[in-house]
Amino acid sequence: MIAPASAKVSHSRHLTILMLLGILIIVMFIVSMNTGLMRLTPLEVVHTLLGDGTRQQKLILFDFRLPRIVISMLVGAGFAVSGCILQSLSRNALAEPSTLGINAGAGFAVIIFISFVPATAAGHIFVLPLMALIGAMLTAALIYFLSYRREDGLSPTRMILIGIAVGAGIYAIQMILTLRLDPQNFQFVSIWLAGKIWGGDWRFVLALLPWIAVILPFALYKSRVLNLLNLGDQTSAGLGMPVEKERLVLLAAAVALSGACISVSGGIGFVGLIAPHLARRLVGPKHQVLLPACALIGSLLLITADTIARWILQPAEIPTGIVVALIGAPYFLYLLAKSKA
C-alpha cells in the first residue's frame, strides 16, 4: 500500500507543478501584452480581447503583440523539448541545439537561401523552416558520423566537442557570407543571427505551428523510449529495444524541432540547456512528466526574456537572444565546472 500511496503523492505533486508553471505563463502573457512603446492597461487589454477596444488598440494587440507572444511561447517550448531529447540521447548535461552546432547549421542554410531569394519574396516565410531543417539535419548527421565509434558507440564528450568545433567553423563561414549580402538582406540576417523574435504577424505562427503540433506529441509518445535510453545502450538493447534506430528517429525529431524554431527566432541559444535542468529538479527524470515540464519552462523563459528585451531599453529594443544569453552563459559555465567529463 505504501508504493501506490507514494506514487499518488508524486503524481499530485507533478500535476501541481505543471499547473503552477501554466499559471506563471498566463501571468507573463498578460504582462507581455501590456509591455511596449504604446502602453495598454490591463483593463484596455481585456476590453480589446473582448472586441471593445479602439482600432489602434486592436492593431497593437492583434497585429503586433499577440503573434510575437505566441511565437515566443512556441519557440521556447520547441527549443526546450529539443534540448531535453538531445541531453537524453547523448547522456550529457551540456547538450542542446546551440552547443551541438545544430543552430549554426540551420542558420547557414537560411543565409544561403536568403542570398538567392529576397527576404520579401512570396512564400518566403513558409520555406524558411524547410531550409533550416535541411541545414540542421545535415549538420547533425555530420556530428553524429564524426562522434560515433564502432567499438564504444556514441561518446557524449566527443559529441559535444565535435559539435562545438563544427558550429564554430560554420559560424565563421556564415560571417563571410553575411558580408557579401546586399544592405536589405544584411540587416535581416544580422537581426536574425542575434536571436530576435522577428516574426511580426500570424503567418509566422502558421509556419511554425504544424512542426510544434506534430513533433511535441511524437516526443511525448516516445517518452518510454527516452527513459530506457537513459539506462544505457546495453541495458536498452537487453530489453529488446533497437537502440540505434530509436536514437536516429529521436535525433531527427529533436533536430527538426530546433530547425523549425530557428527559422522564426534566429540564433537563440541556451533555452534547450536551461529548461531541461530546471524541469529535472522540479519533476524528476521520467520523460512522461519531464517533457511537458520542459515545454512549459521553455515557454515561460522565452516569453519572459522577450518581454524584458522589449521593455528594458524603451523605446529601443534589444534582441531576445541577448537576454537569454545573459542568463544562459553563466549557467552553462556552472554546468561545465560541475561536469566530470
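Tutor: Contact here means heavy atoms within 4.5 Å, and helices are DSSP runs of H or I with at least four residues, numbered from the N terminus. The model is a predicted one, in which local features need pLDDT of at least 70, side-chain atom pairs count only at pLDDT 80 or more, and totals for chains, interfaces and linings use all residues. Residues are numbered from 1 along each chain as its sequence is written, and side-chain values use heavy atoms, with hydrogens and water left out.

Student: At what angle do the axes of α3 and α11 cross?

Tutor: Two packed helices are described by the angle between their axes and the distance between the axes. In this model α3 and helix α11 (residues 243-265) cross at roughly 150°, and their axes come within 9 Å. The angle is taken between N-to-C directions, from 0 to 180 degrees, with axes fitted to C-alpha atoms over the stretch in contact. α3 is therefore roughly antiparallel to α11, a label for angles over 145 degrees.

Student: Which residues of α3 and α11 meet?

Tutor: From α3 the contact includes Ile-71, Leu-74, Gly-78, Phe-79 and Leu-89, and from α11 it includes Arg-247, Leu-251, Ala-254, Cys-261 and Ser-265. By class, the residues of this contact are 15 nonpolar, four polar and one charged. Ala, Val, Leu, Ile, Met, Phe, Trp, Tyr, Cys and Pro count as nonpolar, Asp, Glu, Lys and Arg as charged, and the others, Gly among them, as polar.

Student: How far apart are the axes of α4 and α7?

Tutor: The axes of helix α4 (residues 102-116) and helix α7 (residues 183-194) lie 11 Å apart, at an angle of about 165°. α4 and α7 are therefore roughly antiparallel to each other. Gly-107, Val-110, Ile-111 and Ile-114 of α4 meet Asn-185, Phe-188, Val-189, Trp-192 and Leu-193 of α7. Their contact comprises seven nonpolar residues, two polar and no charged.

Student: Which residues line the largest cavity?

Tutor: Rolling a probe the size of a water molecule over the atoms shows where empty space is left. A cavity is a set of points, on a 1 Å grid over the protein atoms alone, where a 1.4 Å probe fits but cannot get out; lining residues have an atom within 4 Å of a point. The structure holds one cavity of 30 Å³ or more, and the largest cavity contains about 40 Å³ of space, a volume being the space filled by probe spheres set on the points, which are joined across faces, edges and corners. Leu-100, Ile-102, Ala-140, Ile-143, Tyr-144, Met-159 and Leu-251 form its lining.

Student: Which helix supplies the largest share of that lining?

Tutor: Helix α5 (residues 124-147) does, with three residues. The lining has seven nonpolar residues, no polar and no charged.

Key: On a 1 Å grid over the protein atoms alone, a cavity is a set of points where a 1.4 Å probe fits but cannot get out, and a pocket is an open set with protein on both sides within 12 Å along at least five of seven lines; lining residues have an atom within 4 Å of a point. Helices (H or I, at least four residues) and strands (E, at least two) are DSSP runs, numbered from the N terminus. Angles under 35 degrees count as roughly parallel, over 145 as roughly antiparallel, 65 to 115 as roughly perpendicular and the rest as oblique.
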